[in-house]
Amino acid sequence: MVVLGIETSCDETAAALVEETGDVERPWHLRSSVVASQVEIHRVWGGVVPELSARQHIRDICGVVERALADGATGYDAIAVTSGPGLVGSLLVGVSFAKALAWSRSVPVIGVHHLAGHIESLVLEHGELPLPAVVLVVSGGHTSLYRVPAPGSYELLGRTRDDAAGEAYDKVAKLLGLGYPGGPAIDRIAAAGNDRAILFPKTRLTHADRNAPHLPGRRDFSFSGLKTSVLRYVTTRREALGLPAEAPLPSSEVADVCASFQRVVVETLVDRLFDAARYAGARSVGIAGGVSANTRLRADARARGAARDVPVFVPSLALSTDNAAMIAAAGLRRLRAGQRSDWALSADAAMKL
Ligand code: KG4
Ligand code: ZN
């Protein structure tokens, strides 16, 4: 079976063709993947503007799907589309397009959870993970830990109570005048800084979340306190140096802020990931989502995994940020289990996994 994947949940319009291999260990093969990024449109505004995002998806989707089909040199037997979570107007473009195309070609359509897609990006690239696995999905919109007890099954172990890690990167970058998106800029600049120059606080939650009383608080994340500490630090330094509000700090200081901020984020992510892995008796761990592109996160997680004798899987850079290959792979998983959506499929901005 060949599946056409479509992704429009945020600021990337993407389409891809993924086929079944028949091999149990490496079940999927990527034929083509096309991503049209809207980053230049949103950069001017310092973040994603939902209305502009939805409008741009409408402009790009036909061309993106046509190119994925041309590059893949094959037809398809089903369509998988991200139906949530994400920006509702953006999701609706992909879902409506997928349904119309599926209807006209008489093929089934399946709605896919965006985070199931990020988790399946690991399988697409590395084959089935040793199970049970614990996967950290860390992006601009999410910071969540899942236990994967069996292929295609995901149990939530913890998640952020406020900002996602990528969101914290983007907000801190904006504060430092580093532009959008902030993650790659902070990652690069942090390499030149001293990561112990400023001791920003680490938030450790102990109480359970009212909305999820069954989950122990200690496996949840919170990054808004860290963001506020960085804001306070930068404001105080500006005043001490006699700089006007909004003025950039000297570049050597910016590097120290980036390195110190990044150390706290990465240590928090790696500590929680390996705590959860121990709790869940994991035979492997994975990291997926845009922030998994982070140099330090990859290196620190690999080092911790080596010390604990747990294999660590991360996607290549192309599959770490939003793409449709992961959506096609997650769709294949569900289609093979005999599932499909009906024509009432719609966008669900707050979809649960
Ligand atoms: O998965 P993704 O493309 O979109 C969402 O579903 O959110 O993730 C985008 C996020 C942004 O917040 C971006 O700043 C962050 O991933 N990011 C990084 C790096 N590359 C992208 N964060 C830290 N270090 C990076 N190298
Ligand atoms: Zn994503």
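Around ligand 1 stand 20 residues, of which Gly140, Asp170, Asp187, Gly290 and Asn294 are the closest; a residue is near a molecule if one of its heavy atoms lies within 4 Å of it. This is a predicted model in which local features need pLDDT of at least 70 and side-chain atom pairs count only at pLDDT 80 or more, while totals for chains, interfaces and linings use all residues. Residues are numbered from 1 along each chain as its sequence is written, chains are lettered from A and ligands numbered from 1 in the order in which they are written, and side-chain values use heavy atoms, with hydrogens and water left out.

**The surroundings of ligand 1**

- An oxygen atom of ligand 1 is 2.7 Å from an N or O atom in the side chain of Asp170, and a backbone N or O atom of Gly141 lies 3.2 Å from an oxygen atom of the ligand.
- A polar side-chain atom of His118 is placed 3.5 Å from an oxygen atom of ligand 1, a polar contact being a pair of N or O atoms within 3.5 Å.
- Taken alone, ligand 1 exposes 560 Å², and the protein buries 89% of that, with accessible areas coming from the Shrake-Rupley method with a 1.4 Å probe.
- Two or more residues of the shell are given by each of α4 (114–126), α5 and α6 (182–190), and the largest share, four residues, comes from α6; helices are DSSP runs (H or I) of at least four residues and strands (E) of at least two, numbered from the N terminus.
- By class, the shell around ligand 1 holds five nonpolar, 12 polar and three charged residues, where Ala, Val, Leu, Ile, Met, Phe, Trp, Tyr, Cys and Pro count as nonpolar, Asp, Glu, Lys and Arg as charged, and the others, Gly among them, as polar.

**Helix packing**

- Helix α5 (residues 165–175) and helix α7 (residues 224–241) pack at an angle of about 10°, with their axes 10 Å apart; these axes are lines fitted to C-alpha atoms over the stretch in contact, and angles run from 0 to 180 degrees between N-to-C directions.
- That angle makes α5 roughly parallel to α7, a description that applies to angles under 35 degrees.
- Lys171, Val172 and Leu175 of α5 meet Lys227, Val230, Leu231, Val234 and Arg238 of α7, contact meaning heavy atoms within 4.5 Å.
- The contact of α5 with α7 has five nonpolar, no polar and three charged residues.
- The axes of α4 and helix α11 (residues 325–336) come within 7 Å and cross at roughly 95°, which makes α4 roughly perpendicular to α11, the term for angles of 65 to 115 degrees.
- The residues in the contact of α4 with α11 divide into eight nonpolar, four polar and two charged.

**Backbone features**

- Most residues other than glycine have a negative phi, and most peptide bonds are trans.
- The peptide bond from Gly84 to Pro85 is cis, with omega near -15°, and Pro85 has its place in the loop between β4 (78–84) and α3 (88–105).
- The peptide bond from Tyr180 to Pro181 is also cis, with omega near -10°, and Pro181 is found in the loop between α5 and α6.
- Ala73 has a positive phi of about 50° although it is not a glycine, and Ala73 lies in the loop between α2 (50–72) and β4.

How values were computed
Angles under 35 degrees count as roughly parallel, over 145 as roughly antiparallel, 65 to 115 as roughly perpendicular and the rest as oblique. A polar contact is a pair of N or O atoms within 3.5 Å; within protein, one must be able to donate a hydrogen and the other to accept it, and residues adjacent in sequence count only if both atoms are side-chain atoms.
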